[in-house]
Amino acid sequence: MAPVAAVVDWAIVALALGSTLVGSYVGYQAYRGYRRHDSRTMRALSMGLFFLTAVAFSIAFVGSLLLREGYLGLRYQQPLTLVTRLFQFLGVLLIAYSLHSRG
């Protein structure tokens, strides 16, 4: 059973890293759209997508690796989760603002 668990662990790490990379790409493309059109709503959308995907996934990914390998104590697990959720919330909030803004 140990080899299956190792494969699942690697799949989790690969998917988290892939989500971080794809999220960074999506946020960058939205930023390029903002630069091209100089639109306040596109800026909010790009920041929201970047916070929701790249930043939140990066914090969660790096934090979980540091916790798993013992570089950070378990007392940092809850603050890392809080910061991750904060960036997810800010991302969704900015995306909602961009969808309802008229500028």
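This report covers the aromatic pairs and a nonpolar surface patch in a predicted model.

**Aromatic pairs**

The count of aromatic pairs comes to 2. One of them joins Tyr31 and Tyr34, with ring centres 5.9 Å apart and planes at 50°, so the pair is tilted. Both tyrosines belong to helix H1 (residues 2-37), where 3 residues, or about one turn of the helix, separate them. Tyr31 is partly exposed at 36% relative accessible area, whereas Tyr34 is buried at 16%, because buried means under 20%.

Phe51 and Phe87 also pair: their ring centres lie 5.4 Å apart and the planes meet at 70°, so the arrangement is edge-to-face. Phe51 sits in helix H2 (residues 40-69) and Phe87 in helix H3, so this pair ties together parts 36 residues apart in sequence. Phe51 is partly exposed, with a relative accessible area of 21%, and Phe87 is partly exposed with 22%.

**Nonpolar surface patch**

Leu86, Phe89, Leu90 and Leu93 make up a nonpolar patch on the surface, and together they have about 370 Å² of accessible area. Phe89 is part of helix H3 (residues 77-100), and Leu93 is also placed in helix H3.

| Residue | Relative accessible area | Class |
|---|---|---|
| Phe89 | 53% | exposed |
| Leu93 | 46% | partly exposed |

Why do Phe89 and Leu93 fall into these classes? Phe89 has 53% and is therefore exposed, as exposed means over 50%; Leu93, with 46%, is partly exposed.

Terms used: Residues are numbered from 1 along each chain as its sequence is written. This is a predicted model: local features need pLDDT of at least 70, side-chain atom pairs count only at pLDDT 80 or more; totals for chains, interfaces and linings use all residues. Side-chain values use heavy atoms; hydrogens and water are left out. Patches are made of residues with over 30% relative accessible area and no salt bridge: like charges are joined within 9 Å, nonpolar side chains (Val, Leu, Ile, Met, Phe, Trp, Tyr) within 5 Å. Accessible areas come from the Shrake-Rupley method with a 1.4 Å probe; for residues, only the protein chains shown count as cover. A salt bridge is a side-chain nitrogen of Lys or Arg within 4 Å of a carboxyl oxygen of Asp or Glu. Helices (H or I, at least four residues) and strands (E, at least two) are DSSP runs, numbered from the N terminus. Buried means under 20% relative accessible area, exposed over 50%, partly exposed in between (1.4 Å probe, protein chains only). Rings of Phe, Tyr and Trp (its six-membered ring) pair if their centres lie within 6.5 Å; planes under 30 degrees apart count as stacked, over 60 as edge-to-face and the rest as tilted.
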